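Hello,

Here is the structure I promised to pass on to you. Please open it first, and then read my notes below.

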Amino acid sequence: MSAQGHAWSRQVKKEDEEEDPLDQLISRSGCAASHYAVQECMAQHQDWRQCQPQVQAFRDCMSAQQARRREELQRLKEQSSAHR
């Protein structure tokens, strides 16, 4: 069984193109740098197994962002309940 890598490369945004919703989400999350590190590693190695430190850093960043978002939503929910 031979392991084949991926042929991923970072897309260059053209002036007249809309930004991908996933890219917008990642940018808003504050995790864009670690996301780009994964993409660059994949472009260089074409094997996700060689990019596990970058993948883990991105995963950790997104998990932390999701936890912050959950806390914010819970706080807003509690505030709206208190105002009723």
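The model is predicted, so local features need pLDDT of at least 70 and side-chain atom pairs count only at pLDDT 80 or more, while totals for chains, interfaces and linings use all residues. Residues are numbered from 1 along each chain as its sequence is written, and side-chain values use heavy atoms, with hydrogens and water left out.

The helix pair comes first. The axes of helix 2 and helix 3 come within 8 Å and cross at roughly 160° (helices are DSSP runs of H or I, at least four residues, numbered from the N terminus; axes are lines fitted to C-alpha atoms over the stretch in contact, with angles from 0 to 180 degrees between N-to-C directions). The two helices are therefore roughly antiparallel, a term for angles over 145 degrees. On the helix 2 side, the contact (heavy atoms within 4.5 Å) is made by Ser34, His35, Ala37, Val38 and Cys41. Helix 3 contributes Gln54, Val55, Ala57, Phe58 and Cys61.

Next, the loop between helix 2 (32–45) and helix 3 (52–82) holds Asp47. Asp47 is buried, at a relative accessible area of 13% (buried means under 20%, exposed over 50%, partly exposed in between, with a 1.4 Å probe and protein chains only).

Finally, Gln56 sits in helix 3 and is partly exposed, at 34% relative accessible area. Between Gln56 and Ser34 there are 9.2 Å in space, C-alpha to C-alpha, and the two are 22 residues apart in sequence.

Best wishes

How values were computed
Parallel < 35°, antiparallel > 145°, perpendicular 65-115°, else oblique.
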